[in-house]
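Subject: Structure for you to look at

Hello,

Here is the structure I said I would pass on. Please open it beside this message and follow along; my notes come after it.

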2 protein chains.
Amino acid sequence: MYQKHVGEVFPQNPFKQLELAIEAVFKSWNSDKAVSYRRIEGIRGLNGTAVNVQSMVYGNMGDDSGTGVAFTRNNATGENAFYGEFLVNAQGEDVVAGIRTPRHVDEMPKWNKDVYGQLLKIKGRLEKHYKDMQDIEFTIERGKLYMLQTRTGKRSGIASVRIACDMLREKLIDEKTAMLRIPAGDLTQLLLPSFDPASKKKATALTRGIPASPGAATGKLAFTAHEAVERARAGEKVLLVRSETSPEDVEGMHSAVGILTSTGGRTSHAAVVACGWGKCCVVGAGELNIDEKKGTLKVAGQTLGRDSVVSIDGSTGEVMLGAISSIEPKLSGDFTLVMKLADKYRTLGVRTNADTPEDAQRAREFGAEGIGLTRTEHMFFEGDRIKAMREMILAENRADREKALAKLLPYQRDDFVGIFKAMKGLPVTIRLLDPPLHEFLPQDDATQTEMAQMLKISAEKVRRRVAQLHEMNPMLGHRGCRLAVTYPEILVMQVRAIVEATIECLRSNIKAMPEIMVPLIGTKRELAALRAEIEATIAEVKAEQDYKPRLDIKIGTMIEIPRAALTADEIAEVAEFFSFGTNDLTQMTFGYSRDDINTFLPDYLKRELLDHDPFQSLDQDGVGQLVKMGVDKGRSRKPELKVGICGEHGGDPKSVHFCHRAGLDYVSCSPFRVPIARLAAAQAAIMGEQAAKK
Amino acid sequence: MYQKHVGEVFPQNPFKQLELAIEAVFKSWNSDKAVSYRRIEGIRGLNGTAVNVQSMVYGNMGDDSGTGVAFTRNNATGENAFYGEFLVNAQGEDVVAGIRTPRHVDEMPKWNKDVYGQLLKIKGRLEKHYKDMQDIEFTIERGKLYMLQTRTGKRSGIASVRIACDMLREKLIDEKTAMLRIPAGDLTQLLLPSFDPASKKKATALTRGIPASPGAATGKLAFTAHEAVERARAGEKVLLVRSETSPEDVEGMHSAVGILTSTGGRTSHAAVVACGWGKCCVVGAGELNIDEKKGTLKVAGQTLGRDSVVSIDGSTGEVMLGAISSIEPKLSGDFTLVMKLADKYRTLGVRTNADTPEDAQRAREFGAEGIGLTRTEHMFFEGDRIKAMREMILAENRADREKALAKLLPYQRDDFVGIFKAMKGLPVTIRLLDPPLHEFLPQDDATQTEMAQMLKISAEKVRRRVAQLHEMNPMLGHRGCRLAVTYPEILVMQVRAIVEATIECLRSNIKAMPEIMVPLIGTKRELAALRAEIEATIAEVKAEQDYKPRLDIKIGTMIEIPRAALTADEIAEVAEFFSFGTNDLTQMTFGYSRDDINTFLPDYLKRELLDHDPFQSLDQDGVGQLVKMGVDKGRSRKPELKVGICGEHGGDPKSVHFCHRAGLDYVSCSPFRVPIARLAAAQAAIMGEQAAKK
């Protein structure tokens, strides 16, 4: 574009033209837009750009001249129809600059039928040659068509699916090529509602956060989880706005149509929970000034309240004032074809992270081959359960703890029965209690007093226990299997619930395939000791229930502590499976708290000290070494060891490729990312095969 | 002992005797005392014990019979004098049980000169044969001497030094054997004051904590750092009692004669700081109920106040009521000999961790060959400095931060000049600012208000900044080199202070050898970027000061993040040295917060899930793998890379052995542990040599 311009300014001096051309290219290369484009697309480490000098053609030589840009197929829908714009008596940059309104290429025959015919023919030849949709630029100088440029065209996720499937049917490409043509991450666009672009254009932008869980949500502001529950029950659509969320907020988060937080990153509590549900969520919108007590939200010079309507776009992170209409997704036949082909080519299994029968059901529909992670802690927050949980935490001896746990047992058992039913015989990996106990206690005075009244104990006692459980670094504290070491009765109750649920299902001819997963293991001895307790409990329940047949309950561990990966050979001796918890593994390998990373991550990305947020896409050089080591060491001692991954990375295409190469058996991700993982796994297999041939 | 007893009960039935003997041995093996002894000594993994059956001799056959136990040399002082006790007409267990008061062996000639002569002869033969001090048991049956048992005798640290040196001089053993005879950790006993055993016996035990820093301290209770400073200034001897300490308490800790905390482990703030100073400290005494506001300490049913006198034993963790007299150490000529031999045999360098000229001076006297870690953060707490530091933290832009930092610069420079002078040309590794900024701000309302008044800003602003800096997991948060990435001006000020101090020293003919160490590096790019800024600042200061000669300032990094060890090959490309920060490396490799580990570590040790506190002795299987990997990968890319360790493990004998085997160039530890590290390094070298010969 610059080159053409230069030609006009100094038509008589080709050297000056060349000099200016080079200067212009550098200007373009270093423009803010180009720099930020490269940053967003993760294009790094380039030395510069090449410059081509060639003779100029002019689209502005009169009404028989013109210029245009076009896609050989529709880049938004994928429809096989020539799609573009042109301007008569104009240069290319006029089209791009948007000064004049260009005309649709469909109107070209009216202006010059001959040129249009040539263009259609060239479009066909280009597609046949490149075997892909092309983005072309052309100029007509005094009635003669010149092609300026052709390149593979960018397209929406929807278009990429349609074009790949169409070209496959047209026999232009083969199945493997079709698979590689669809950016796996873009499949989200096919699965979740999105804002109507026209309606979105009219909205007032307030700020932008981190897109944590895609989708589109519009609602009135609710400032506490309790408020969200109440107002949702009354039929309102509410958007939960918090500085950050905690497990106590889970019910409110579930009631809200979307979640918006001012702190936290992509793997903060809000992001992880919302993403698991496929609920729209934007986190870390640092410009939000939330006053929970007053019920106000200050942003962009405005003060919003409980009646303000706000819309959030979970795919872009945009926060906008007012209602925006959204479009529901339709799963096309092409989507089914893509999934069928993905399953044909992939070798990596795909499971899901699901904590409820509903999630499990949905994930099955998306093609999950089992559950790779059922978190049991979310189950303790609802209704009466949290009361029993708190009784347990406040109990002063094992007997009292066991009494409180006995109340939780039937709930847990029913949860598991529900999930086993939904999964219809597919394996279900259940992780034992992971978070520190203080997450189950209220942190503010008022709720502590309320809780004391409910449990009929002194508020002082509640406060004392909260203070006692306070930790400097809860992430590195008393949680995971460490809880089971100090309070074996919690493990016993959970295992009991799993085994009772399994026997109950098997007796009603429902095939239940539980796998018990111990979190946060760092040493072989830890797992050996807990494994013994798990096995003893299984035997005990079998005896009580008078259940004779062999129960096939696998016992395995998360590998999420660096030390576990380093000593995976020893740990494998007492584990039937490993599941890499790459969220925690990333936290500890980098020394980054995912709750606090936002204070420095933006500077790291800006200064290019990191290529990307390591919680979003697995750090293959560092954390990946530990994963590889864990797999290799584990299998060196136990070749049949089953190995998966259940961190958020399981749904990230690049990370799925890594998992394929590292030889994992499966990835597990949130239900809505299952199709993405299936496609990414197929792509990894195809690319691996192609690389091996070279 | 049991065997003899059995013989008496069934003299006619040898089978019954055998049966009872075996039963008795098992009883003894499984007694609480034996079990806890094995736990304390770290004896694990045994399958059982062997049983020897032999004919019985009797010491209770009349006044010509008797029994006794003795050491061939004094086991407390090491003096070469026969030392033991005997009882006439008694069995061995009577001596052990303490029912009758035995007589000193010196009195034996009066009873039976002949037997005494035989004993002396045998003692000499045994020592010549075993070439070590023996612990013997004997019985005289009707005038005839029987030797029941001989084994190498346990001895105090003081005795082990004296005996090794004496035996060397007696040519009974060679230098290497003498080196191996002294438990390196026991050298502490020679360096620090200890309680007079007689006086200690009379004291009332209150509770027991974790022995964090050896020594003996007696003082009146002070409940805040401020109070400790004031009362110490007024001439009182105070013991600082806190639930835990923070960097704000440093001045108070320094003023106190000893430090006692109710939470925290061996690597808590209190423990690390106290140990660095060689100040007596007991931490994690969980039974203490401290009310700082009231100024009371409840423990063991007593309520103590500001006037109560308490004594703490930093070698045992004992907390006792009342004053106990203590004994000052005397460094004997034998100690000097041991250190001379250690330096002859060791190949590993020994440096010290020191933050002040006084510490540096003391460490030099103990034989440190340089400083491996100077923490710069402690320097920011004294007097006016903390005010400037807080101004910096509260500043809203770089210019204001630089203005506040300019006030700190002269203090920092003078600190470094002082340390360079004390170290007289030995290398001084200076670590750039490491802790998160919120550690420098007061956390309670009252002090925040006070601070606001001092800085002439609103209390609200202070509170807002404190809230903004709050982190969920500060250990994994915005600290170390991450501060330098977001606030480069802090790094610039510190480097400027180092370079200015260096030039000032060199111009006054004081050889200054600073090494700049960047903390918490996780990626090569981080270090490359910061290195560029450090080098630019060095060049700038040189130009300003018009200093022409080459300045030899090495730039290196801590390896304390697992990812740094995993990618040490890349990082080595931009580092001249590595120093393993094994405290943090242990935290992240295990996922254990050293501040919170006390909630589960006791159960882990009791259930034998861990052999020892990994913050006390390096976990060689897990963390050690990363250290080894870091050394090997680092040197693979840069063979001349200098590698050390500066975590608390640098002064732990077992860890020193590991560092020797891993090929490190030096260990760095607190001044009082320097002699221990020197001896341990020699032992590691000798043992390595002996193992290689086999």
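**The sheet in chain A**

Strand 4 and strand 5 of chain A make a hairpin with 2 residues between them, and A:Arg142 in the turn has a positive phi of about 45°. Bear in mind throughout that the model is predicted. One example is A:Gln134, whose bridge partner in strand 5 of chain A is A:Thr152.

**Strands in chain B**

Chain B has an open sheet of 8 strands in the order 7-17-16-9-10-11-12-8, and its pairing is mixed. Strand 7 (204-208) and strand 8 (210-213) of chain B stand at the edges with a single partner strand each, so one side of each has no neighbour in the sheet. From one strand to the next, the twist averages 30°.

A parallel pair in chain B is strand 10 (residues 238-242) with strand 11 (residues 258-261), joined over 4 bridges. In this pair, B:Leu240 stands opposite B:Ile259 of strand 11 of chain B. Helix 10 (residues 225-233) of chain B lies across strand 9 (216-222) and strand 10 of chain B, at about 105° to strand 9 of chain B.

Two hairpins in chain B share strand 14. Strand 13 (residues 289-291) and strand 14 (residues 296-299) of chain B run antiparallel and are joined by 3 bridges. Their hairpin has 4 residues between the strands, and B:Gly295 takes a positive phi near 75°. Strand 14 of chain B also pairs with strand 15 (residues 302-304) of chain B, antiparallel, over 3 bridges. That hairpin has 2 residues between its strands, and B:Ala300 in the turn has a positive phi of about 50°.

**Where the chains meet**

How many residues of chain B are in contact with chain A? There are 50, and they touch 50 residues of chain A. The area buried between chain B and chain A is about 4500 Å², with carbon and sulfur atoms giving 54% of it. In chain B, B:Leu476, B:Arg525 and B:Arg563 lose the most area to chain A, together 14% of what that side buries.

The interface of chain B and chain A has 6 salt bridges. B:Asp611 forms a salt bridge with A:Arg525, where the closest N and O atoms are 2.9 Å apart. Helix 19 of chain B gives the largest share of the side that touches chain A, 5 residues. By class, that side of chain B has 21 nonpolar, 13 polar and 16 charged residues.

Regards

Note on methods
Residues are numbered from 1 along each chain as its sequence is written. Chains are lettered from A and ligands numbered from 1 in the order in which they are written. This is a predicted model: local features need pLDDT of at least 70, side-chain atom pairs count only at pLDDT 80 or more; totals for chains, interfaces and linings use all residues. Side-chain values use heavy atoms; hydrogens and water are left out. Contact means heavy atoms within 4.5 Å. Buried area is the accessible area (1.4 Å probe) that two parts lose on being put together, summed over both. A salt bridge is a side-chain nitrogen of Lys or Arg within 4 Å of a carboxyl oxygen of Asp or Glu. Ala, Val, Leu, Ile, Met, Phe, Trp, Tyr, Cys and Pro count as nonpolar, Asp, Glu, Lys and Arg as charged, and the others, Gly among them, as polar. Two strands pair if DSSP finds at least two bridges between them. Axes are lines fitted to C-alpha atoms, for helices over the stretch in contact, and angles run from 0 to 180 degrees between N-to-C directions.
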